[in-house]
Amino acid sequence: MLPADVTPQDLASAARNELKTLSKENAEQVARHLAMAARLIDDDPELAHQHALAASRSAGRIAVVRETVAITAYAIGDFALAVRELRTFRRISGRDDQIALLVDSERGVGRPDRALEVGRAVDRTALPVEVRVELAIAMSGARLDLGENERALQELDIPELDPDRAFSWSPGLFAARAAVLEELGRLDEAAQWQRRAEIAEDVIGTRDADSETLLIEEIDEVELDDDEIDDLDPDGEDAVAPAAAESESDAEPELATEIAPAPAPASVQDEVDETLAEAGIDDAAGDAPDAESTR
């Protein structure tokens, strides 16, 4: 049953475009089911899955529909169905947007070796940076499944693993590294990376988690306590002053893009450096990965 307040316009425009091959009435009904699946996925994944299946019964040849079925199947732990639907989605769309979910679903059905094969078969340089990071995390998990803990750590040694900058992918990547270090018995390092993950989460917030850019203003909103104010530079200006000054002008807001390798603006790096130092995690250089992936 679809609530009356759910309309086709609640679905993202890119997804609605994929439904144009359907009749108008069918497209609208499918769009409403997909919109409901997106609305419910976090709070009621089982009901979200039912809406995805309803959409699939009316539009089973549409890529976004099969993608939604796969995502909701994964959310309820039906990894076998997720694998089948993700393979169908890739075949229909020709895209690898959900490659990390496929790798993780293969893990879910107890096939870590197969998961690694799937991940290795993809050209990572052609993936969006966020997908590439998610794939590295999934591949690391597959290595852990096989008891290959050192190699699990190597899977995470990617250019995006920058301990001094906060991007939307940073909290998950830092937390994954912490988990592997804990498995290796390197508890002090694990605690440091987990703390970095928490700091990164605080810095970037969750407002633009689905965006490909992170506004500088989001990082500037981190409040300074009295000790941090005492640590201002000798000229009496803090690390974010240049960005604050620019925001008062008519200039466009500076962005930290997620295209790797993408150096963050100086104000972002200084802000995160100061936050890390205040948290007692200032010795990041010794634990930072090489500029290129070890894979």
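In which helix does His51 lie?

The structure described here is a predicted model. His51 belongs to helix 3, which covers residues 45-58. With a relative accessibility of 6%, His51 counts as buried, because the cut-off for a buried residue is under 20%. Leaving aside residues up to four places away in sequence, His51 touches Met1, Leu2, His33, Met36, Ala37 and Leu40.

## Nonpolar cores

The largest nonpolar core comprises 24 residues, of which Val133, Ile158, Leu161, Trp169, Leu173, Phe174 and Trp193 touch the most other members. Two or more residues of this core come from each of helix 8 (129-145), helix 9 (149-155), helix 10 (170-183) and helix 11 (187-204). Helix 11 makes the greatest contribution to this core, with seven residues.

In soluble globular proteins, nonpolar side chains tend to be buried together.

## Packing of helix 7 and helix 8

Helix 7 (residues 112-120) packs with helix 8 at an angle of about 150°, and the two axes are 9 Å apart. Angles over 145 degrees count as roughly antiparallel, so this description applies to helix 7 and helix 8. Their crossing is left-handed.

On the helix 7 side, the contact is formed by Pro112, Ala115, Leu116, Gly119 and Arg120. Helix 8 contributes Leu135, Met139, Ala142, Arg143 and Asp145. Classified by residue type, the contact between helix 7 and helix 8 holds six nonpolar, one polar and three charged residues.

How values were computed
Residues are numbered from 1 along each chain as its sequence is written. This is a predicted model: local features need pLDDT of at least 70, side-chain atom pairs count only at pLDDT 80 or more; totals for chains, interfaces and linings use all residues. Side-chain values use heavy atoms; hydrogens and water are left out. A nonpolar core is a set of buried Ala, Val, Leu, Ile, Met, Phe, Trp, Tyr and Cys residues joined through side-chain atoms within 4.5 Å. Buried means under 20% relative accessible area, exposed over 50%, partly exposed in between (1.4 Å probe, protein chains only). Helices (H or I, at least four residues) and strands (E, at least two) are DSSP runs, numbered from the N terminus. Contact means heavy atoms within 4.5 Å. Axes are lines fitted to C-alpha atoms, for helices over the stretch in contact, and angles run from 0 to 180 degrees between N-to-C directions. Angles under 35 degrees count as roughly parallel, over 145 as roughly antiparallel, 65 to 115 as roughly perpendicular and the rest as oblique. A crossing is left-handed if the near helix is turned anticlockwise from the far one by less than a right angle, and right-handed if clockwise. Ala, Val, Leu, Ile, Met, Phe, Trp, Tyr, Cys and Pro count as nonpolar, Asp, Glu, Lys and Arg as charged, and the others, Gly among them, as polar.
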